[in-house]
Amino acid sequence: MGGLISTAPWASSLPAVFSAGAAIGVLGGLIGLGGAEFRLPLLIGVFGFAALHAVILNKAMSLIVVLTALPARLLAVPYSEVTAHWAVAVNLLAGSLIGAWLGAGWATRMHSRTLYRVLAALLVLIAIALAAGHLAELGSLDLPPIARVSAAVAAGAGIGVVAALMGVAGGELLIPTIVLLFALDIKIAGSLSLVVSLPTMLVAFARYSRDQSFQVVRANARFVLIMAAGSIAGSMLGGLLLGVVPSGLLIPVLAALLLISAVKVWGHR
């Protein structure tokens with residue numbers, strides 16, 4: 001899977017690592033997400049980490065960012081409004097926890113070349129979800145209660161697998177899923193996505209910790225903390241700039257960036 005420490009010369013440059021994290025945070029903040037989907041190709045293509053190591057490091061940083069974002073999000077959206085929809089989180093968690101465990105297990109057993117190609121395909125999926133979620137008018141599906149619960153569990157499982165394989169929180173998939181299945185306001189959906197993401201990420205993280213490749217976190221602890229700090233600072237700045245750049249211009253550019261990254265990750269050696 002490659003060495004535990006990146007061979008890229010700027011991986012040991014704290015200003016470069018912080019700046020990269022900040023740039024990712026700004027991108028995420030501009031669209032109301034954590035930005036981990038943009039961090040993953042950066043870890044692979046710029047900082048030179050092998051696929052599995054990049055995924056595990058991305059998961060570690062995503063976990064730090066989500067833990068930081070959750071209290072602020074709950075202050076922005078009243079706690080009572082979130083807890084009123086606890087059943088939505090439970091339904092999604094019933095699938096996402098299982099999916100996260102399975103996805104992390106699959107990632108540790110995949111050949112590097114296969115994992116690169118899986119990651120490339122998932123970057124394309126995220127680009128499509130990003131464009132659809134922000135540019136299309138999301139309605140809601142009129143489903144019977146049993147069908148809605150079943151769909152939520154199934155969707156949660158799929159999202160858990162994707163989040164574990166990419167090392168992301170999964171908000172770019174969770175938010176439109178919550179809106180489509182449960183017809184909730186997008187702000188409440190965003191808070192609920194964090195509630196679902198946190199335990200889902202912890203499960204994937206626990207599964208990765210059982211593999212020897214998890215040593216990459218300990219070997220690069222300073223790298224993780226500095227880039228995570230940059231991401232948090234950047235996301236705050238991005239949040240302040242939210243709405244300054246029109247979504248009609250921003251989203252296609254970010255989706256194109258993900259597609260370009262997918263092509264590069266697909267052919268990575």
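**Ser193.** Leaving aside neighbours within four places in sequence, I find Ser193 in contact (heavy atoms within 4.5 Å) with Gly171, Leu174, Ile175 and Ile178. Ser193 sits in helix α9, residues 186-208. Helices here are DSSP runs of H or I with at least four residues, strands are E runs of at least two, and both are numbered from the N terminus. Ser193 has a relative accessible area of 4%, so I note it as buried. The classes are buried under 20% relative accessible area, exposed over 50% and partly exposed in between, with a 1.4 Å probe and protein chains only.

**Ground rules.** I number residues from 1 along each chain as its sequence is written, and side-chain values use heavy atoms, with hydrogens and water left out. For this predicted model, local features need pLDDT of at least 70 and side-chain atom pairs count only at pLDDT 80 or more, while totals for chains, interfaces and linings use all residues.

**Confidence.** I read a mean pLDDT (the predictor's confidence in each residue, from 0 to 100) of 87 for the chain, with 90% of its residues at 70 or more. Among the elements, helix α5 (residues 86-109) has the highest mean, 96, and helix α4 (residues 79-83) the lowest, 78.

**Whole chain.** I note 12 helices and 0 strands. Of the 269 residues, 51% count as buried. Among contacts with a separation of 6 or more, 84% are between residues 24 or more positions apart.

**Asn91.** I placed Asn91 in helix α5. Its relative accessibility is 16%, so Asn91 counts as buried. Beyond four places in sequence, Asn91 is in contact with Val149, Ala152, Val153 and Phe182.

**Core.** I then checked the largest nonpolar core, where a core is a set of buried Ala, Val, Leu, Ile, Met, Phe, Trp, Tyr and Cys residues joined through side-chain atoms within 4.5 Å. Leu119 and Met166 touch the most other members among its 88 residues. Helix α3 (residues 51-76) gives the largest share of this core, 11 residues. Not counting residues up to four places away in sequence, Met166 touches Leu40, Val55, Asn58, Leu119, Leu122, Leu123 and Ile126.

**Ile126.** I followed Met166 to Ile126, which it touches. Ile126 lies in helix α6, residues 112-135, and is buried at 1% relative accessibility. With the same exclusion of residues up to four places away, Ile126 touches Glu37, Met166, Glu172, Leu173 and Leu258. Its C-alpha is 9.3 Å from that of Gly170, 44 residues apart along the chain.

**Second largest pocket.** I noted about 270 Å³ of space in it. A pocket, on a 1 Å grid over the protein atoms alone, is an open set of points where a 1.4 Å probe fits, with protein on both sides within 12 Å along at least five of seven lines; lining residues have an atom within 4 Å of a point. Of its 14 lining residues, Pro41, Leu42, Val46, Leu257 and Ser261 are the closest to the centre. Helices α1 (14-31), α2 (36-45) and α12 (247-266) each supply at least two residues of the lining.

**Ala16.** I placed Ala16 in helix α1. Ala16 is partly exposed, at 26% relative accessible area. Ala16 and Gly230 are 214 residues apart in sequence, with 9.9 Å between their C-alpha atoms.

Terms used: Points joined across faces, edges and corners; volume = space filled by probe spheres on them.
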